[in-house]
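Student: I've just opened this one and I'm new to it. Can we go through some of the labels and check where they come from?

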Amino acid sequence: MAIRFKVLGGAAQDNALWVEVDSGQSIQRLLFDCGEGCLSALALAEVQSADHLFFSHFHMDHVAGFDTFFRANFNRESRPNRIWGPPGSGRILQHRFQSYLWNLHEGLNAVWRVSDIGEADIKTWRYELPDAFETAHEEAAVVRDGSLVLDEEEFTVEALTMDHRTPSMAYRVTEKTRWNIDPAALEALGLRPGPWLKALKDPLELPDDAPVEGRPAGELREKLLVPTPGDSVAYLTDFLLDEAAAARLETWLAGCKAVVCESQYRAADLDLALKHYHMTSVQGAAVAKRAGVAKLVLIHVSSRYTREQRAELLEEARAVFPGARFPEGWG
Ligand SMILES: [Zn+2]
Ligand SMILES: [Zn+2]
């Protein structure tokens, strides 16, 4: 049970984030954004094993690498092809799907589903290779439950709509809490392990008032089950971080272990950050610190800066959040 993540793309280049949620039994692979050249850090087999692609927004530097992703997966039928992003994602991606000549696709039946994450609901569009992605099939909209976007057995993905003069989605992946049996408590109660322990972990299978081993299941749950909180990582990029946005984010990031955060500008260029609805490294570090996260990785640094200035940008963040770092290999 773990979340591993890897920042794709180098310093002063487009960046993206690759996340693997490893349950011990299976691995789910999530890609956040798809800037130019980002996928060259992955093996083709990895790109072909991506389960979900989440876009923050569709500025070129976040979508320019999509051709590589699509070329690897356009005809994939072995697993669902799922893409998520802000409102308008379906419309923009349909243009991408249709921007090739399709005359050799007979017998190929791949289906792509793209979801527009709105504030109140999620609208999903289905595009099919057999008709060369010509029809946008609208599926039933789903009313959102808070910031929840995707609820899988082992983890959730949540999204918060931020302001980049266009909706830009902040994402958070969180493993679900695991419940383990405390062996000492089991012995103290004089109980023997058995299949009932597995059932005890599922309140749907065994309601609180159901008798188990001569006691109510609820009582045994309280005495025997120990929670292990899941791992988590957030991907924050391209939005204005004024006081109101920072306050929203800090609440939403509570308990999050790692944050991968845009740091487009140095503190001295705060006016540029405000003007272009981006962040400085100090702003990102301050949010991470107030939210109490354990790890902060800075990405998406402006190419206007020299190597030395980039090092200074990191030092400025470290004055606020001492553990802040750039991705591996950025020098
Ligand atoms: Zn942008
Ligand atoms: Zn950007």
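Student: What does Gln-28 touch, leaving out residues up to four places away in sequence?

Tutor: Gln-28 touches Val-21, Asp-51, Glu-152 and Phe-155. Being in contact means that the C-beta atoms of two residues, placed from the backbone, lie within 7 Å. Keep in mind that this is a predicted model, where local features need pLDDT of at least 70, side-chain atom pairs count only at pLDDT 80 or more, and totals for chains, interfaces and linings use all residues. Residues are numbered from 1 along each chain as its sequence is written, while chains are lettered from A and ligands numbered from 1 in the order in which they are written.

Student: Which strand is Gln-28 in?

Tutor: Gln-28 lies in strand S3, residues 27-32. Strands (E, at least two residues) and helices (H or I, at least four) are DSSP runs, numbered from the N terminus.

Student: Why is Gln-28 called buried?

Tutor: Count the C-beta atoms around it: Gln-28 has 21 C-beta neighbours inside 10 Å. A residue is buried with 20 or more other C-beta atoms within 10 Å of its own, exposed with 12 or fewer, and partly exposed in between, with C-beta atoms placed from the backbone. So Gln-28 counts as buried.

Student: And what makes Glu-138 buried or exposed?

Tutor: Glu-138, found in strand S8 (residues 137-138), has 11 C-beta neighbours inside 10 Å, so Glu-138 counts as exposed. Across the protein, 37% of the 331 residues count as buried.

Student: Now the helices. How do you know how H8 and H10 are oriented to each other?

Tutor: Two packed helices are described by the angle between their axes and the distance between the axes. The axes of H8 (residues 243-252) and H10 (residues 281-291) come within 8 Å and cross at roughly 40 degrees. Axes are lines fitted to C-alpha atoms, for helices over the stretch in contact, and angles run from 0 to 180 degrees between N-to-C directions. Under 35 degrees counts as roughly parallel, over 145 as roughly antiparallel, 65 to 115 as roughly perpendicular, and the rest as oblique. H8 and H10 are therefore oblique to each other.

Student: Which residues make that contact?

Tutor: On H8 they are Ala-246, Leu-249 and Glu-250, and on H10 they are Val-287, Arg-290 and Ala-291.

Student: How many helices and strands does the protein have?

Tutor: The protein has eleven helices and 19 strands. Its C-alpha trace spans about 70 × 60 × 35 Å along the principal axes.
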